[in-house]
Amino acid sequence: MQKGVEIGDLAETTFAGPTSGTSKITLAVKEKVCLVEVEEEEEEEDEAQPLNVTVVSDIGSHADVEIPDTAHQISTDSWFQVGFVLTTGINSAYVLGYSGTIMVPLGWEGGVLGLILATAISLYANALIAKLHEYGGTRHIRYRDLAAFIYGTKAYSLTWTLQYINLFMINTGYIILAGSALKAAYVLFRDDDAIKLPYCIAIAGFVCSMFAICIPHLSALGIWLGFSTVLSLVYIVTAFVLSIKDGIKSPPRDYSIPGTSTSKIFTTIGASANLVFAYNTGMLPEIQATIRQPVVKNMMKALYFQFTVGVLPLYLVTFAGYWAYGSSTATYLMNDVNGPVWAKAMANIAAFLQSVIALHIFASPMYEYLDTKHGIKGSPLAFKNLSFRILVRGGYLTLNTFVSALLPFLGDFMSLTGAISTFPLTFILANHMYLVANENKLTSIRKLWHWINICFFAIMSAAATTAALRLIALDSKTYHVFADL
């Protein structure tokens with residue numbers, strides 16, 4: 001049964017009155033006129049029953065949009081909170097490595113130009129994905145669902161494989177980062193090698209597991225995003241100030257790109273993968289699923305926030321670190337800076353804690369998949385739900401931690417992740433999906449533009465994968481497994 005109701009700006013209310021039973025009402029709101037759909041169950045006549053009403057969406061643009069089943073919350077967060085989720089990702093403790101992994105292989109000209117270009121093309125590619133979120137009358141809350149809707153079921157498995165590799169390697173990198181930060185804090189007070197990097201990585205993995213068990217889903221981060229922002233500012237400001245201080249006191253630095261002609265080619269290609277890794281999540285539909293209606297408009301606001309205000313801290317610490325230490329800049333900037341022990345310790349602990357929060361963001365698609373598959377809904381503290389998170393999330397992060405301790409080469413992971421998954425997911429697939437979805441609407445010039453992007457990034461992906469594997473092979477000869485770097 002459908003009824004017209006004047007509801008004004010109410011988002012949720014209760015109706016009571018004579019009905020034939022308890023009714024579930026769905027409202028599609030357009031200005032002040034709502035469409036009410038009532039599902040009735042048999043009850044005694046003339047008995048007043050409460051009607052729970054939830055506003056779903058605008059009639060004009062969203063009434064027919066289908067939302068897939070999920071165990072996690074969707075459509076609950078403001079664009080501002082989602083903007084902070086995205087900014088947390090790009091200003092994670094990874095920023096302490098970009099001076100060494102991007103600027104050193106590219107130099108001033110290549111590094112500055114590369115970061116600016118990567119910002120622009122990443123915003124463009126993410127905007128393409130964001131605009132497809134409700135394509136075809138379905139809300140695509142997972143990247144693999146969007147790919148399957150456009151290409152067919154075979155694309156589901158391929159996209160999920162790429163995304164899983166991408167997120168697994170990002171999480172592995174976060175655990176390496178957290179362990180490195182913990183080790184750096186320890187050696188400030190006791191440089192006795194009693195606690196080695198693999199031990200610190202194990203501690204980091206345990207803390208990440210505890211956090212994953214306590215935070216059921218992405219929207220539940222809430223106040224933790226505020227803590228993440230404060231923690232990011234602590235290590236970014238500390239690294240920036242101490243780098244500037246060192247740079248002022250230091251003699252002229254060497255900014256030439258190190259290595260032979262052959263190695264420069266490979267390191268330059270590898271650095272290009274680090275550039276795209278710096279800005280892209282590979283899980284934009286999953287993040288967009290949490291945002292309130294209108295989802296495309298609000299997501300664009302979040303993306304503009306990420307790629308304007310959000311990138312400034314990254315620029316500051318990356319350029320300051322390279323300016324201060326030149327071509328000898330370490331892959332973890334806090335290992336280079338000089339200053340008060342308390343300040344360096346505070347920055348390292350902040351980097352450790354922020355890595356724990358950031359990892360949860362990039363692990364959330366895996367958590368959502370597992371929770372939905374096994375029907376983990378309801379109270380997070382229910383015995384079934386809590387025990388499931390302990391066993392499954394704990395096991396997943398244990399595997400991550402083992403790989404992190406086995407091969408703790410942070411720069412290598414950044415390059416390989418950008419090459420084999422970020423390039424395909426964020427640039428190749430984004431352009432091709434948009435092209436297929438809007439084929440009849442695009443002009444010939446715009447189609448050509450998308451094909452140029454697809455071909456260019458495919459070549460870059462192949463070249464960057466080769467360069468990253470070469471780098472890993474060289475490091476594997478230099479360092480043993482479970483190395484104490």
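This is a working chat about a predicted model of a protein chain.

Me: Before I look at any side chains, what is the average pLDDT of the protein chain?
Reply: The model is a predicted one, and its protein chain averages a pLDDT of 82, with 84% of the residues scoring at least 70.

Me: And where is confidence lowest, and where highest?
Reply: Confidence is lowest in strand β5, residues 47-58, where the mean is 39, and highest in helix α11, residues 312-325, where the value is 95. Over residues 1-63 the pLDDT is below 50, although in the model this stretch has 113 contacts beyond near neighbours in sequence. Where pLDDT is low, the predicted coordinates should not be read in detail.

Me: OK, salt bridges next. How many does the structure hold?
Reply: There are four salt bridges in the structure.

Me: Which residues are linked in a network of them?
Reply: The network of salt bridges links Arg142, Arg144, Asp145 and Glu368. Within this group, Arg142 forms a salt bridge with Asp145, the closest N and O atoms being 2.8 Å apart, and both of these residues are buried. Arg142 also meets the side chain of Glu368 in a salt bridge, at 2.7 Å from N to O.

Me: What does that Glu368 and Arg142 pair tie together?
Reply: Glu368 lies in helix α12 (residues 341-373), whereas Arg142 lies in the loop between α3 (98-131) and α4 (143-151), so the pair ties together parts that are 226 residues apart in sequence.

Me: Why does Glu368 count as buried?
Reply: Glu368 counts as buried because its relative accessibility is 9%, and Arg142 counts as buried at a relative accessibility of 9%, the cut-off for buried being under 20%.

Me: Which residue does Asp371 meet in a salt bridge?
Reply: The side chain of Asp371 meets that of Arg393 in a salt bridge, at 2.9 Å from N to O. This pair links distant parts of the chain, with Asp371 in helix α12 and Arg393 in helix α13 (residues 383-406), 22 residues apart. Asp371 is buried, and Arg393 is buried as well.

Me: Switching to packing, how do helix α8 and helix α15 cross?
Reply: The axes of helix α8 (residues 261-279) and helix α15 (residues 444-478) come within 8 Å and cross at roughly 115°, and the crossing is left-handed.

Me: Which residues make the contact?
Reply: On the α8 side the contact is made by Ser263, Phe266, Ile269, Gly270, Ser272 and Ala273, and on the α15 side by Met460, Ala463, Ala464, Thr466, Ala467 and Arg470. Seven of the residues in this contact between α8 and α15 are nonpolar, four are polar and one is charged.

Me: Now His217, where is it found?
Reply: His217 is found in the loop between α6 (197-214) and α7 (223-249), and it counts as buried because its relative accessibility is 14%. Leaving aside neighbours within four places in sequence, His217 is in contact with His72, Gln73 and His360.

Me: Last one, is Met169 buried or exposed?
Reply: Met169, whose place is in helix α5 (residues 153-187), is buried, with a relative accessible area of 9%.

Me: And how far apart are Met169 and Val403 in space?
Reply: Met169 and Val403 are 9.3 Å apart from C-alpha to C-alpha, while in sequence they are 234 residues apart.

Conventions. Residues are numbered from 1 along each chain as its sequence is written. This is a predicted model: local features need pLDDT of at least 70, side-chain atom pairs count only at pLDDT 80 or more; totals for chains, interfaces and linings use all residues. Side-chain values use heavy atoms; hydrogens and water are left out. Axes are lines fitted to C-alpha atoms, for helices over the stretch in contact, and angles run from 0 to 180 degrees between N-to-C directions. Helices (H or I, at least four residues) and strands (E, at least two) are DSSP runs, numbered from the N terminus. A crossing is left-handed if the near helix is turned anticlockwise from the far one by less than a right angle, and right-handed if clockwise. Contact means heavy atoms within 4.5 Å. Ala, Val, Leu, Ile, Met, Phe, Trp, Tyr, Cys and Pro count as nonpolar, Asp, Glu, Lys and Arg as charged, and the others, Gly among them, as polar. pLDDT is the predictor's confidence in each residue, from 0 to 100. Buried means under 20% relative accessible area, exposed over 50%, partly exposed in between (1.4 Å probe, protein chains only).
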